Amino acid sequence: MANLKEIRNRISSVSSTMQITSAMKMVSAAKLKKAQDAITAMRPYSDKLTELLQSLSATLDGDSGSKFATQREVKKVLIVAITSNRGLAGAFNSNIIKAVTSLANNKYANQEVSYLAIGKKANDAFKKTNSVIANKSEIFDDLTFDNVSEIAEMLMDKFIEGEFDKIEIVYNKFKNAATQIIMTEQFLPIVPIEGEVNVNADYIFEPSKVEIVEQLIPKSLKTQLYKSIRDSFASEHGARMTAMHKATDNATELRDQLKLTYNKARQAAITNEILEIVGGAEALNN
C-alpha cells in the first residue's frame with residue numbers, strides 16, 4: 001500500500017484536475033448557448049435558400065445552366081475537413097478525421113484527393129500527406145459571414161477554373177450537447193433536386209430565372225459553408241462540455257476512492273503505533 005504522503009499528493013493532483021475540468025465545462029456551456037442560438041436561427045434560412053436554388057437549377061437546360069452546376073468527369077476532388085483548433089472534446093475531431101480518411105480511401109480511391117483544413121486538428125492530421133492546399137484555422141478567431149465568404153469564393157474560383165471537379169464538406173452537425181452527427185455534403189457542383197420539380201407555380205421570376213440563379217448561387221454557397229462551420233462550432237462546445245462533465249465525474253470518483261484508501265492507510269498506521277506503544281509498555285513492565 002502506498003504511504004500516506006503519496007496518497008495525499010495524488011488526492012491533491014486529482015482535485016486540481018477536477019477543478020480544471022469543471023471550469024472548462026462551465027466555459028463551454030456558456031459558449032454553447034450562444035453558438036446554439038446562432039445555428040438554430042440560421043438553419044431555416046439556409047435550408048430554404050438551398051432548396052430554392054436546387055429547384056431552380058433543376059429546371060434550367062444545359063446551355064443556360066449555372067457554371068456552378070457543371071458536371072465534369074471527376075478526376076480531382078477537394079475535401080473540406082472542418083474540425084476545431086483545440087482538443088479535449090472527446091471524439092469530436094477524431095470522428096471527422098476518420099470520416100474524411102474513409103471518404104478519400106473508398107469513394108475517391110481512384111481520384112486525386114486534396115484537402116482544405118478548417119481547424120488545426122484537421123491540418124495536423126492531413127498535412128503529412130502533402131495534399132493540404134490551405135489551412136484556414138484562423139477563421140475561428142473571428143467567425144463572421146464575411147470571413148467565411150472569402151473561403152467560399154476561393155473554393156468557387158478553384159471549381160470554375162477546373163482545379164477541382166468536385167468539392168465535398170465534412171463536418172459535425174449539431175443535434176444537442178451530447179450528440180453530433182457527421183455530415184458529408186457536396187459543395188460543388190450543385191446537386192439538383194431529383195424527381196419532378198414544380199417551381200413556376202410558387203415563384204414569379206424577374207428579370208429572368210437564369211439571372212436570378214447566377215446572382216443567388218454564390219450567396220447560397222457562402223451561406224452553406226458558413227452554416228457548416230457554425231454547426232461544427234456549436235458541436236465542438238457541446239462535445240467539450242460533455243467530455244469535461246464526464247472527466248469531472250471520473251475525477252470526483254477517483255478522489256473519493258483515494259480518500260477512502262488514505263483513511264484506511266491512516267487508520268492502519270495509527271493502529272500499528274498503538275500496538276507498538278502497548279508492546280513497549282508491556283516490555284518495560286516485564
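How many residues does helix 2 have, and how far does helix 2 reach from its first C-alpha to its last? Helix 2 has 16 residues and reaches 22 Å, close to the 22 Å expected at 1.5 Å a residue, where the expected span is 1.5 Å times one less than the number of residues.

Before selecting anything, note that this is a predicted model, in which local features need pLDDT of at least 70 and side-chain atom pairs count only at pLDDT 80 or more, while totals for chains, interfaces and linings use all residues. Residues are numbered from 1 along each chain as its sequence is written, and side-chain values use heavy atoms, with hydrogens and water left out.

**Stop 1: helix 2**

Select residues 92-107, which make up helix 2; helices (H or I, at least four residues) and strands (E, at least two) are DSSP runs numbered from the N terminus. Colour Phe92, Asn93, Ile96, Val100, Leu103 and Ala104, the buried residues of this helix, with buried meaning under 20% relative accessible area, exposed over 50%, and partly exposed in between (1.4 Å probe, protein chains only). Looking down the axis of helix 2, you will find that its buried residues fall within an arc of 100 degrees, so they line one face of the helix; the arc is taken from the directions from the helix axis to the C-beta atoms. On the other side of helix 2, select Lys98, Asn105 and Asn106, which are exposed.

Now show what the buried residues of helix 2 pack against, namely strand 1 (76-82), strand 2 (112-118), helix 3 (120-126), strand 4, strand 5 (179-188) and helix 5, with contact meaning heavy atoms within 4.5 Å.

**Stop 2: from helix 2 to strand 4**

Select Lys107 and Glu168, whose side chains meet in a salt bridge at 3.2 Å, N to O; a salt bridge is a side-chain nitrogen of Lys or Arg within 4 Å of a carboxyl oxygen of Asp or Glu. Glu168 lies in strand 4 (residues 166-176) and Lys107 in helix 2, so the pair ties together parts that are 61 residues apart in sequence. Glu168 counts as buried at 2% relative accessibility, whereas Lys107, at 48%, counts as partly exposed.

**Stop 3**

Move to Ser114 in strand 2, which counts as buried at 10% relative accessibility. Leaving aside residues up to four places away in sequence, Ser114 touches Val77, Leu78, Ile79, Ser131, Ile133 and Phe164.

Next select residues 145-160, which form helix 4. Its buried residues include Val148, Ile151, Leu155 and Phe159, and what covers the buried residues of helix 4 includes strand 1, strand 2, strand 3 (132-135), strand 4, strand 5 and helix 5. Helix 4 is followed by Gly162, whose phi is positive, near 85 degrees.

**Stop 4: backbone points in the loops**

Most residues other than glycine have a negative phi, and most peptide bonds are trans. Select Leu88, which has a positive phi of about 55 degrees although it is not a glycine, and which sits in the loop between strand 1 and helix 2. Then go to Asn130 in the loop between helix 3 and strand 3, where phi is near 60 degrees, again a positive value in a residue other than glycine. Leu88 is exposed, with a relative accessible area of 55%, and Asn130 counts as exposed at 73%.

Finally, centre on Pro189 in the loop between strand 5 and helix 5: the peptide bond from Leu188 to Pro189 is cis, with omega near -5 degrees.

**Stop 5: along helix 5**

Which residue forms a salt bridge with Asp231 at 2.5 Å between the closest N and O atoms? Arg43 forms this salt bridge with Asp231, and the pair links distant parts of the chain, with Arg43 in helix 1 (residues 4-59) and Asp231 in helix 5, 188 residues apart. Asp231 is buried, with a relative accessible area of 0%.

Not counting residues up to four places away in sequence, Tyr262 touches Leu4, Ile7, Arg8 and Ile11.
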